[in-house]
Amino acid sequence: MKLNKALATVALAGSVAAMSAPAMARDTISIVGSSTVYPFATVVAERFGTKTDFSTPKLESTGSGGGLKLFCQGIGTQHPDITNASRRMKTSEFELCQSNGVKDITEFRIGSDGIVIASSKNAENLDITLEQLFLALGSKVPVDGKWVENPNENWSDVDSSLPNKPIRVMGPPPTSGTRDSFNELALAAGCDELPEAASLSKDEHASICESVREDGAFIEAGENDNLIVQKLIGDTGMYGVFGYSFLEENADRLQAATLNGMVPTAEGIAADEYPVARSLFFYVKKAHVGVVPGIQEYVSEFTSNAAMGQNGYLKDVGLIVPPRSALMDLMDKAESMPNLTLDELK
Amino acid sequence: MTDQRSQAEIVRQSLKRRYRKERRFRAYGILAIAIALGALLTLFTDIIGKGYTGFLKTTITMEVQLDGEMMYLDDPKDERQIKMADFVEPLVQALIKEVPGATEEDRKQIRELINPYASVALRDALKANPEWLDTSRTMTFLSHTDVDVYVKHAGDDAYSIKLNDQQKAWVDELQERGVIETSFNDVFFSGGDSRDPSKAGILGAIVGSLLTMFVTLILSFPIGVAAAIYLEEFAPQNKFTDFIEVNINNLAAVPSIIFGLLGLAVFINLFGMPRSVPVVGGLVLTLMTLPTIIISSRAAIKSVPPSIREAAEGIGASKMQVVLHHVLPLAMPGMLTGSIIGMAQALGETAPLLLIGMVAFIVDVPDGFFDSATVLPVQVFLWAGSPELAFIERASAAIMVLLAFLISMNALAIWMRKRLERRW
């Protein structure tokens, strides 16, 4: 009989725990979005948590697209308040937001990130143009006016000024935002330099210019950029593709390739001179400001001089901070929270 | 006669070959075990070799002048003043005094040796002990992560040392004088996650894991046992119960991420439960462990000898009395073992939690089932992907903690089986 009672109690407790999920008011800011912005936003969130009386915001790294999808699902505390993105919101995403009642959104452009091609300091450094890079890594390249499977095996097959070594590059998988940006900003841009690219239709352009060869010359290394760094240090014939912050973290052991004559520097990336640079964003759901406590304060912490100034703590973790004038604009924006409009995104 | 002798001769001749065959067969078995043990040993040495330094912290102990004027503070009980006060300056000044030959001009380099959160620790200490103002105290603070990495890994190729030569010389000197020391990393066990490796801890993840496992246990054990008892003792044997049995066996083989998708669709989107909370995590893991528990519980019930049932029925016990008084107590050890192994599996699971938002940066230690939380394997995953190299050793240290949990759960299962098992 005892056992009987004990079982009944446990079962009851279990069902109570399962059923008593209330639609709760949240007092923690919920942030989703890009894995590129994640290392910066987490630092801000932690500082914000220790500095103020608000609880530390919760951050999920869902990728830019996944974050915007969650963000645009609707108004209410079960949906996130802020989403980070390593690219701008697409018009289709804006429309999804609008149709789900997420009408008022404020956009913040918080700085830049560069994608670098790095190798061990003991390796031969690359000095390469985007066009050459596409010829080395694109899945199809033009030979005598025809697009064929990439025949180049050594870097020197692309151009005699490049090292006479097999092409071996490690990079992030297609699920990564870094890979998206690399395909778009490096490969497609290099592809467009080719005279043969002009005659491609829009669909052909997307399938040819933004795809990486799959014959083993480009090695997908998973989302773990530390792994790529370790591989590069051990193997001087290997090159790696990753974000600028990982280069900075390992500056004593890695060197970065020169792209289109530009060495990646924080200044060059901030000024958009380095060719493979992108802006980072976050989007705030205005309907939640005042409902979930601390959103306004979090935004002003993010856009403060202490965080994003020339000596700010975000600079220490590798964010390429915006120039002072842009930061002043951001601070104004954090005060007034203007609405994002469809025209701005077009 | 001659024919028979030759038969014996043949047997004797083949005997050697048969012994050889047998020896070879055994050698294969030993080889298989050796490979398995070798793999396990490699894994353990790699993790322990990389991770044991994660259990060490580097601290700076120094005499701090808590000068109110320097900090712009004359009443530590005043919240406003605390907010505006400067808690960095006393630390920098104290360290400048400790470093021989350092002057006011080196302050930037000196400051880079102190953990950015040391000033928060000083603030909290002053808030708790207002009477310390305008006194001088010997206090211990965390060092900067760059110092931590240098102290632990100077000369190790896997790490980048970010201190300059001047700072390295200072740190060497301070270490000799015992100002900079390494000791057991209690922060690792008492704090939540942080983006500063020196300050990062796994307490938040451990509590999150315990909350999630509690929900999983109190749901999956009673449901699983009840299902097993019904199917084994009461259900009629027909096509429909066969169909259910096949499906339970299939469910046990479904990849765990599918349960995550189900959890997202049902618990979060349909029932409107919050993301990233232990309750939803526990519910999803319940779905995952249920088949394991049902299958092992049924096996345990089956192994109770029919003579016991018949004896109970013979003296007039009802079906329910037979089950509750005789079968269930005897089958309990087997059920518990199966449940513990199912729970250990759930403890190491990350994939389904990814979809319900438990893969997140959460600093505060959760204090309830509806508080945002993460779990141990997720914490390992998050740290392994961080750009800061000092997180590598923390990730390995967290793996060791996770392994310790898993090994103790499995040991408990074995102990219970040995202890409670009855032989007939």
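Student: How many of the 9 residues of helix H17 (residues 376–384) of chain B are buried?
Tutor: This is a predicted model, in which local features need pLDDT of at least 70 and side-chain atom pairs count only at pLDDT 80 or more, while totals for chains, interfaces and linings use all residues. A residue is buried if 20 or more other C-beta atoms lie within 10 Å of its own, exposed if 12 or fewer, and partly exposed in between, with C-beta atoms placed from the backbone. Helices (H or I, at least four residues) and strands (E, at least two) are DSSP runs, numbered from the N terminus. H17(B) is mostly covered, and its count of buried residues is 7.

Student: Which residues of H17(B) are the buried ones?
Tutor: Residues are numbered from 1 along each chain as its sequence is written, and chains are lettered from A and ligands numbered from 1 in the order in which they are written. The cover over the buried residues of H17(B) includes H10, helix H16 (351–355), E4 and helix H18 (390–420) of chain B. The buried residues themselves are Leu376(B), Pro377(B), Val378(B), Gln379(B), Val380(B), Leu382(B) and Trp383(B).

Student: In which helix of chain B is confidence highest?
Tutor: The scale here is pLDDT, the predictor's confidence in each residue, from 0 to 100. Chain B averages 90, and 99% of its residues score at least 70. The lowest mean in chain B is 80, in helix H3 (residues 79–84), whereas the highest, 95, belongs to helix H10 (residues 203–234).

Student: Which residues does Val171(B) touch, not counting residues up to four places away in sequence?
Tutor: Two residues are in contact if their C-beta atoms, placed from the backbone, lie within 7 Å. With neighbours up to four places away in sequence left out, Val171(B) touches Leu113(B), Val147(B), Tyr150(B), Val151(B), Leu163(B) and Ile180(B).

Student: Why is strand E4 (residues 105–120) of chain A largely enclosed by the rest of the structure?
Tutor: For comparison, 44% of the 346 residues of chain A count as buried. E4(A) is largely enclosed because, of its 16 residues, the number buried is 13.

Student: How many bridges join E4(A) and strand E13 (residues 277–285) of chain A?
Tutor: Two strands pair if DSSP finds at least two bridges between them. In this pair, Arg109(A) has Phe281(A) as its bridge partner. E4(A) and E13(A) run in the antiparallel sense, and their bridges number 9.

Student: In strand E10 (residues 239–243) of chain A, what is the bridge partner of Ile117(A)?
Tutor: E10(A) and E4(A) are antiparallel and are joined by 4 bridges. Within E10(A), Ile117(A) is bridged to Val241(A).

Student: How far apart are the centres of domain 1 and domain 2 of chain A?
Tutor: Domain bounds come from an automatic or database domain assignment. For chain A that assignment gives domain 1 (24–112 + 279–345) and domain 2 (114–277). At their contact, 15 residues of domain 1 of chain A meet 13 residues of domain 2 of chain A. The C-alpha centres of the two domains are separated by 30 Å.

Student: What separates the centres of domain 1 and domain 2 of chain B?
Tutor: Chain B is divided into domain 1 (58–183) and domain 2 (203–420). Taken over C-alpha atoms, the separation of their centres is 46 Å.

Student: Is Leu70(A) partly exposed or buried?
Tutor: Leu70(A) sits in helix H3 (residues 64–71) of chain A. Apart from neighbours within four places in sequence, its contacts are Val32(A), Thr62(A), His79(A), Pro80(A) and Thr83(A). Because 19 other C-beta atoms lie within 10 Å, Leu70(A) is partly exposed.

Student: Which element gives the most to the side of chain A that touches chain B?
Tutor: The contact takes 37 residues from chain A and 34 residues from chain B. On the chain A side, the elements that each supply at least two residues include helix H1 (2–19) and strand E2 (58–60). The largest share, 9 residues, comes from H1(A).
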